[in-house]
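Subject: A structure for you to look at

Hello,

Here is the structure I promised to pass on. Please have a look at it first, and then read my notes below.

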Amino acid sequence: MYCWSSNMKRTYKIFPSLFFILLSLASYSQDTLSVEDAVRVALENNYTIQLVKNDVAIAENNNNIYNAGFLPSVIASGSQDNSINSVRQRQISGLERSVDNGVGRSINGSVMMDWTIFQGFNMFIAKNTLEQLQGVEEMQARITIENAVSSVIVAYFEIVAGQMRRRVLLDAVSLSKERKDLAEFKLKLGSASQIDLYQATVDLNADSSALLQQEAVLKALKADLNLLLGRDPATAFEVVEVLPLNTDINFASTLEKVKNQNSQIFLARRNLTLAELNTQYWKNQYFPSISLYGGYNYVRSENPSSIFVFNKTYGPVYGVRASFNIFNGFANKRNLANARIMQKSGELQLKQAQLEVENDFYKVYTSYETSHQLLKLEEANVKVARENFNIASEKFKLGAIDNIELRVTQQKLIDAENRFVNAQYQAKIAETEIYRLSGVLWGL
């Protein structure tokens with residue numbers, strides 16, 4: 001019903017691909033879903049994962065030298081204007097001139113380039129900021145994918161544990177059926193009362209009811225896993241009924257992985273870097289801005305109502321512009337002070353993230369150790385409870401104990417087996433959470 005492993009591999013690769021390696025499992029039928037297949041399907045179909053991948057793609061598109069301001073801007077423009085004018089003119093010399101309904105035309109065209117070549121090195125800061133923003137999106141996507149993979153693993157093994165509980169209930173129904181059959185047989189022989197048969201029937205019905213409820217629970221758990229896999233809730237599948245557990249997770253070495261590979265800590269470091277870049281940006285506002293411009297203009301006009309009936313102008317234009325902010329109401333000073341405060345907040349948030357993650361790891365590792373201690377205890381308890389029930393069954397057949405006493409020992413066996421399954425499941429949850437915190441669900 002369970003499997004121990006001291007050599008579970010913990011290297012995975014997610015986004016764009018994941019190599020999720022667990023224990024080698026036995027062969028299974030075509031409609032059986034392994035945990036590896038469940039993770040693979042989730043990475044392909046889960047809508048939340050697809051959405052965060054789109055966010056990363058947008059950040060990648062935005063991360064370019066043009067958005068950082070390294071490249072010049074080039075604008076071409078053109079226009080044609082038409083007019084109809086009537087003119088009456090009298091010059092000081094007495095000469096008169098008149099035009100009726102004169103058609104005027106003007107054609108304008110230009111190509112202009114503007115290139116900022118210096119702005120306090122803000123172009124380099126802008127490019128680095130775009131890199132960090134892309135990194136933030138990738139880290140947020142990594143966190144989302146790690147959480148999704150962890151949820152899939154937990155949901156999968158919750159189904160495995162549910163099927164183990166189902167087997168316990170099947171055994172209970174089988175044993176209760178034997179008790180009822182034996183009570184009926186004894187009643188016919190006259191060595192048992194009707195009350196014994198009623199009691200055995202009530203116990204059988206109770207166990208059958210619990211089994212039906214467990215079947216309903218399993219259907220709901222499978223629907224939840226199908227949701228994580230982006231599939232129809234009614235998609236039928238079976239799971240590999242084994243709970244592979246790793247008993248060799250070392251606290252000290254895993255804590256180092258948590259400190260160096262945890263996604264939340266990485267994200268806090270990215271945000272701190274962004275705050276440092278913002279501080280540098282406002283420092284650079286005290287530098288001047290220098291830009292080059294150049295282009296070509298073309299103007300052609302025809303207007304019979306003007307002194308110049310025809311005019312044509314064309315040629316290149318170029319130059320250098322420089323600007324320096326002498327005074328803007330101390331806005332730069334205020335923004336720089338705020339940026340330094342934000343940088344200090346980023347440092348505090350990083351320390352807080354490190355402390356929270358280490359605290360989470362300490363608690364989950366304690367749960368991991370406790371679960372494995374409980375496993376040994378509950379495994380031994382199941383053996384004792386089963387032996388006790390076997391002895392009670394023999395006594396019941398000989399008439400040494402009654403139905404109620406046998407039922408008590410049977411219920412103790414059921415409870416012991418369920419606790420054993422729960423201990424395995426809790427150990428698996430703790431193990432998966434350790435992998436998530438230590439960055440093992442994401443291969444770097």
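Predicted model: local features only at pLDDT ≥ 70, side-chain atom pairs only at ≥ 80, totals over all residues.

I117 counts as partly exposed, because its relative accessible area is 41%, which falls between the 20% and 50% limits. Together with W115, L292 and V320, I117 makes up a nonpolar patch on the surface, and the four share about 340 Å² of accessible area.

Next, the helices. Helix α7 (residues 331-398) contains 68 residues, and its first and last C-alpha atoms are 96 Å apart, close to the expected 100 Å.

Within α7 you will find N332. With a relative accessible area of 10%, N332 is buried. The N332 side chain makes a polar contact with the side chain of N328, at 3.4 Å. Beyond its neighbours within four places in sequence, N332 is in contact with W282, Q285, Y286 and N325.

Helix α4 (residues 194-228) has 35 residues, which should span 51 Å at 1.5 Å a residue; the end C-alpha atoms lie 52 Å apart, so the two values agree. Its buried residues include L197, L204, L211 and L218, as well as D203, D207 and K222. Among the elements covering the buried residues of α4 are β2 (32-33), α3 (122-189), β5 (238-239) and α8 (403-437). After α4 comes G230, with a positive phi near 70°.

Enjoy exploring it!

Best wishes

Terms used
Residues numbered from 1 in each chain as written. Heavy atoms only, no water. Patch = residues over 30% accessible without salt bridge, like charges linked within 9 Å, V, L, I, M, F, W, Y side chains within 5 Å. Areas by Shrake-Rupley, 256 points an atom, 1.4 Å probe, with all protein chains shown as cover. Salt bridge = Lys/Arg side-chain N within 4 Å of Asp/Glu carboxyl O. Buried < 20%, exposed > 50% of the residue type's maximum accessible area, 1.4 Å probe, protein only. Helix = DSSP H or I, 4+ residues; strand = E, 2+ residues; numbered from the N terminus. Expected span 1.5 Å × (residues − 1). Polar contact = N/O pair within 3.5 Å; in protein donor to acceptor, adjacent residues only side chain to side chain. Contact = heavy atoms within 4.5 Å.
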